[in-house]
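Please look at the sequence and the structure before reading on.

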Amino acid sequence: MEDSVSAVLRMAINISSHGELGLDLNASIDANTLENITTVDVEQLLTLILGARRKDLYSVGALTFTYCLLFLTGVTGNISTCIVIARNSYMHTVTNYYLFSLAVSDVLTLIFALPPELFSIWEAYPWHFGELFCIFKIFLMEVTSYATVLTITGFTIERYIAICHPIRSQRSSSQSRAVKCIVSIWLVACACALPYPIHTRLFYFVTDPRDGKPVPDSLLCNIPSQWQQRMAYVFQVSTFVFFVLPMCIITVIYILIGLKLRRKEIASSVGAAQSQTAKTAAARARRAVLRMLGERSQLLG
């Protein structure tokens, strides 16, 4: 009987216009089928639609160990990096400023985003942390992702200027330029991440077929279905702007840096060869002069 009910549920369950799952009990489903559906346990309904609340114990244990290890090492290492850079003035360099920005991004992600993800491994649904934290978590994850990518891109551009255009780099203060660039990166990341928290809500994904009321355990933190089409375009644009485009820029810049360093290496090799040739010629000339002086001294003697 459970197999037949599950089959009917798979055909009948559809996403309504309000972002919830309802049952399309049309005229093709007879009264006997409806009676069978209404006797289905709510937990079975949730498992059928949302999947299992928790994976097998082995997977949960392995992921929990990995997440805890990442949390401890990541938080400790990145906070230590920030403290060392902040307390030592001689470490206030352009490279370390960008490293400081990356460390801050990692710490924020580890502290605010990793624990809820770890909790979801043990219980995938419902959401337990409230709507405010739901929106904040989505916003923070987007901001830190964008800031990390833009920071790496900015640092790469900074290296390109320092290596390929050293005179231009010396005209302005590299440290002040790096600070302005990092502040701009975080502002741009915050602005571009706004569509995600604006369209994120807490909502019940499943309705009880017996009374049409939302199932409390189906509470999710996600983008409701009425906004998913719109956010699909936002996701595609953000993927191109913050991942594909930076990757192409970084690749091109490193190729240019490699070519510049290669040309410098060839030039230094040619210069060294010319210098060695000049030294050899000078040595030969000195030996020739000494020979001439020796021959003259013998004639005079």
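In a left-handed or a right-handed crossing: how does helix 5 pass helix 9? Helix 5 passes helix 9 in a right-handed crossing; a crossing is right-handed if the near helix is turned clockwise from the far one by less than a right angle, and left-handed if anticlockwise. The model is predicted: local features need pLDDT of at least 70 and side-chain atom pairs pLDDT 80 or more, while totals for chains, interfaces and linings use all residues. Residues are numbered from 1 along each chain as its sequence is written, and side-chain values use heavy atoms, leaving out hydrogens and water.

**Helix 5 and helix 9**

- Helices are DSSP runs (H or I, at least four residues) numbered from the N terminus.
- The axes of helix 5 and helix 9 (residues 174-193) come within 8 Å and cross at roughly 25°; axes are lines fitted to C-alpha atoms over the stretch in contact, and angles run from 0 to 180 degrees between N-to-C directions.
- That makes helix 5 roughly parallel to helix 9 (angles under 35 degrees count as roughly parallel, over 145 as roughly antiparallel).

**Helix 5 and helix 7**

- Helix 5 (residues 94-112) and helix 7 (residues 130-164) pack at an angle of about 160°, with their axes 9 Å apart.
- Helix 5 is therefore roughly antiparallel to helix 7.
- The crossing of helix 5 with helix 7 is left-handed.
- The contact includes Phe112 of helix 5 and Phe133 and Phe136 of helix 7.
- By class, its residues are 10 nonpolar, eight polar and two charged.

**Aromatic pairs**

- The whole structure has nine aromatic pairs (ring centres of Phe, Tyr or Trp, the last by its six-membered ring, within 6.5 Å; planes under 30 degrees apart are stacked, over 60 edge-to-face, the rest tilted).
- Phe112 and Phe136 form an edge-to-face pair, 5.4 Å centre to centre with 85° between the planes.
- Phe112 lies in helix 5 and Phe136 in helix 7, so the pair ties together parts 24 residues apart in sequence.
- Phe112 is partly exposed at 31% relative accessible area (buried is under 20%, exposed over 50%, partly exposed in between, with a 1.4 Å probe and protein chains only).
- Trp127 and Phe133 are stacked, because their ring centres are 6.4 Å apart and their planes at 20°.
- Trp127 is buried at 16%, whereas Phe133 is partly exposed at 23%.

Definitions and conventions. Helix = DSSP H or I, 4+ residues; strand = E, 2+ residues; numbered from the N terminus. Parallel < 35°, antiparallel > 145°, perpendicular 65-115°, else oblique. Contact = heavy atoms within 4.5 Å. Nonpolar A, V, L, I, M, F, W, Y, C, P; charged D, E, K, R; others polar.
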